[in-house]
Amino acid sequence: MKQQDVIDFFDQAAAGWDAQLRRNEPVIARILDNAGVRSGVRVLDVACGTGVLIPDYLQRGAAQVTAIDISPEMARIAREKFPQENVTVLCGDIETVPLPQQFDRCMVFYNAFPHFPEPERLLAHLAGLLAPGGTLTVAHGFSRKTLDAHHAKTARQVSNGILPVQELAELFSRYVHVTV
């Protein structure tokens with residue numbers, strides 16, 4: 001998977017992203033509950049897309065949301081949607097963009113994780129961005145079968161598929177405390 005292919009794919013998808021979005025509110029709420037997204041936390045939203053989860057973080061009282069996406073178009077749309085002072089939207093590669101602080105909650109959500117070519121390197125980097133006691137969450141809004149089928153149809157060239165649970169847990173255990 002080439003980084004430029006990922007950027008191009010999501011730039012092309014950005015304009016219609018929100019219109020095609022399917023949300024499963026109970027699943028989203030459960031993931032955010034499990035991640036401990038609550039009042040006062042500083043959230044890093046990795047691969048934020050058009051910012052579809054920013055309202056969820058804000059509704060729960062997040063003190064600061066830093067959202068980042070590698071797609072200039074996705075980041076532009078998110079930035080336009082959320083001009084609040086406590087929301088910062090960055091465009092760039094999460095592994096190379098300097099961030100001025102650590103985060104209480106780091107979220108790789110909404111089926112984004114398969115789009116990173118080197119999952120272990122990503123997890124190592126994100127673990128280093130966590131404040132003491134922070135939580136790193138990788139979550140998907142679809143089942144493995146549904147997401148893999150979706151990516152096979154529309155995003156084959158920019159997706160590695162979902163790692164098996166045990167493999168993902170093993171990778172996580174090298175960098176953070178694991179809860180599956």
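Leaving aside its neighbours within four places in sequence, which residues is Asp56 in contact with? We'll get there in the second view, after a quick look at the whole chain.

**View 1. The whole chain, end to end.** This is a predicted model, where local features need pLDDT of at least 70, side-chain atom pairs count only at pLDDT 80 or more, and totals for chains, interfaces and linings use all residues. Residues are numbered from 1 along each chain as its sequence is written, and side-chain values use heavy atoms, with hydrogens and water left out. The chain's secondary structure comes to 8 helices and 5 strands; these are DSSP runs, numbered from the N terminus, with helices being H or I of at least four residues and strands E of at least two. Read from the N terminus, the order is α-α-α-β-α-β-α-β-β-α-β-α-α. Of the 180 residues in the chain, 47% are buried (buried means under 20% relative accessible area, exposed over 50%, and partly exposed in between, with a 1.4 Å probe and protein chains only). Among contacts (heavy atoms within 4.5 Å) with a separation of 6 or more, 68% are between residues 24 or more positions apart.

**View 2. Asp56 and its partners.** Here is the answer to the opening question: leaving aside its neighbours within four places in sequence, Asp56 is in contact with Arg23, Ile28 and Leu32. Asp56 sits in helix H4, residues 54-59. Its relative accessible area is 10%, so Asp56 is buried.

**View 3. Inside the largest nonpolar core.** A nonpolar core is a set of buried Ala, Val, Leu, Ile, Met, Phe, Trp, Tyr and Cys residues joined through side-chain atoms within 4.5 Å. The largest one has 25 residues, and the members that touch the most others are Leu44, Val46, Ile94, Val108, Phe113, Leu123 and Leu126. Two or more residues each come from strand S1 (42-46), strand S4 (103-108), helix H6 (119-128), strand S5 (130-138) and helix H8 (165-173). H6 gives the most to this core, with 4 residues. Now zoom in on Val46: not counting residues up to four places away in sequence, Val46 touches Ile68, Ile94, Cys106, Met107, Val108, Phe109, Phe116 and Leu126. There's also a second, separate core of 24 residues, including Leu32, Cys48, Val65 and Ala67. As a bit of background, nonpolar side chains tend to be buried together in soluble globular proteins.

**View 4. Where H6 meets H8.** The axes of these two helices come within 9 Å and cross at roughly 40°. Axes here are lines fitted to C-alpha atoms, for helices over the stretch in contact, and angles run from 0 to 180 degrees between N-to-C directions. H6 and H8 are therefore oblique to each other (angles under 35 degrees count as roughly parallel, over 145 as roughly antiparallel, 65 to 115 as roughly perpendicular and the rest as oblique). Pro119, Glu120 and Leu123 of H6 make the contact with Leu168, Leu171 and Phe172 of H8. Sorted by class, that contact has 5 nonpolar, no polar and 1 charged residues; Ala, Val, Leu, Ile, Met, Phe, Trp, Tyr, Cys and Pro count as nonpolar, Asp, Glu, Lys and Arg as charged, and the others, Gly among them, as polar.

**View 5. Where H1 meets H5.** The axes of H1 and helix H5 (residues 72-81) come within 7 Å, crossing at roughly 45°. That makes H1 oblique to H5. On the H1 side the contact is made by Ile7, Phe10, Asp11 and Ala13, and on the H5 side by Pro72, Glu73 and Met74. The residues of this contact divide into 5 nonpolar, no polar and 2 charged. Asp8 also has its place in helix H1, and at 34% relative accessibility Asp8 counts as partly exposed. Asp8 and Glu73 are 65 residues apart in sequence, yet 9.5 Å apart in space, C-alpha to C-alpha.

**View 6. Met1 and His115.** Met1 is in the segment before helix H1 (3-13) and is partly exposed, with a relative accessible area of 35%. His115 lies in the loop between S4 and H6 and is buried, at 11%. Their C-alpha atoms are separated by 8.4 Å, although the two residues are 114 apart along the chain.
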